[in-house]
Amino acid sequence: VEEVELPARVDVLVSEWMGCFLLYESMLDSVLRARDRWLKPGGSMLPRRAQMWLAPFRDEEAAEEQKAFWADVHGIDMSCLAPVARAELARRPEVELLLAQNVISSPSCVLDIGDLASCDLSDCQSLCASFDLSSHVRAELHGFVGYFAVELVPGQWLSTAPDAEPTHWRPVLFHCELPLPVQQDERIRGRLTMTQATQNPRCWDVVVSFG
């Protein structure tokens, strides 16, 4: 799409550019470059708007399964490796479905591209967003779930949220190395930063910090 030559500018640009947590693979970069070259003034983009969301989650069942696994690996107690496994899990996000009831607060919108027909390319090449959430329950915080929603036409959204119908895309789970106990109504404050990887701009480095 960055190399195509067309006889004239177009009225509509349609592209399925969304990746994991919306921006992974950085295909939006190419779409916006094509937009700047070929979309008529006042033309339409489809999708027309995009949002990224982040929410804390708990998953006691998965935590217990991991604990039991390392305690009995073919009859051998390898619990000493559990901290190493948790650290590796926390280092690499997991693309996986999550039950809606495991989300423990309302989500925070960490990116809102309000108009893809006019946004700047630089707006989509890095992200630094704060969040301030309130836990609905007393629970152990096991991580954060990230997902996106795009508006196809006014009022018609495609969402990858845990409580939405499953799609081709799955939410992304950012696991904590250690669970954090939280009380009902306790504030969970933090920051999400995302930058395109230096060696491969199709990939992203993501850091979720909180306290």
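When I say that two residues are in contact, I mean that they have heavy atoms within 4.5 Å. With that settled, let me say what we are looking at: this is a predicted model, in which local features need pLDDT of at least 70 and side-chain atom pairs count only at pLDDT 80 or more, while totals for chains, interfaces and linings use all residues. Residues are numbered from 1 along each chain as its sequence is written, and side-chain values use heavy atoms, with hydrogens and water left out.

Let me begin with the chain as a whole. There are 3 helices and 11 strands, where helices (H or I, at least four residues) and strands (E, at least two) are DSSP runs, numbered from the N terminus. Along the principal axes, the C-alpha atoms fill a box of roughly 70 × 35 × 30 Å. Of the 211 residues, 36% count as buried, and here buried means under 20% relative accessible area, exposed means over 50%, and partly exposed lies in between, with a 1.4 Å probe and protein chains only. If we take the contacts between residues at least 6 apart in sequence, 80% of them join residues at least 24 apart.

Now to the strands, where I call two of them paired if DSSP finds at least two bridges between them. Strand β1 (residues 10-14) and strand β2 (residues 39-46) run parallel and are joined by 4 bridges, and within this pair Val12 has Ser44 of β2 as its bridge partner. There is also an open sheet of 3 strands, in the order β6-β10-β11, with antiparallel pairing. Because β6 (126-134) and β11 (204-210) stand at the edges with a single partner strand each, one side of each is left without a neighbour in the sheet. Between β6 and strand β10 (residues 187-196) there are 9 bridges in the antiparallel sense, and Ser126 stands opposite Thr195 in β10.

Let me turn to two residues in particular. Ser108 belongs to strand β5 (residues 108-113), and it counts as buried because its relative accessibility is 12%. Leaving aside neighbours within four places in sequence, Ser108 is in contact with Met52, Trp53, Leu54, Ser130, Phe131 and Leu133. The C-alpha atoms of Ser108 and Ala55 are separated by 6.3 Å, although these residues are 53 residues apart along the chain.

His142, in strand β7 (residues 139-153), is likewise buried, with a relative accessible area of 11%. A polar atom of the His142 side chain lies 2.8 Å from the backbone nitrogen of Asp59, and the side chain of His142 also reaches the backbone oxygen of Glu140 at 3.4 Å. Leaving aside neighbours within four places in sequence, the residues in contact with His142 include Phe57, Ala63, Phe174 and Cys176.

I will finish with some backbone details. Most residues other than glycine have a negative phi, and most peptide bonds are trans. Leu46 and Pro47, however, are joined by a cis peptide bond, with omega about 0 degrees, and Pro47 lies in the loop between β2 and β3 (49-57). Phe21, in the loop between β1 and α1, has a positive phi near 55 degrees, and at 4% relative accessibility Phe21 counts as buried. His74, in the loop between α2 (60-71) and α3 (82-91), also has a positive phi near 55 degrees, but at 82% relative accessibility His74 counts as exposed.

Methods: A polar contact is a pair of N or O atoms within 3.5 Å; within protein, one must be able to donate a hydrogen and the other to accept it, and residues adjacent in sequence count only if both atoms are side-chain atoms.
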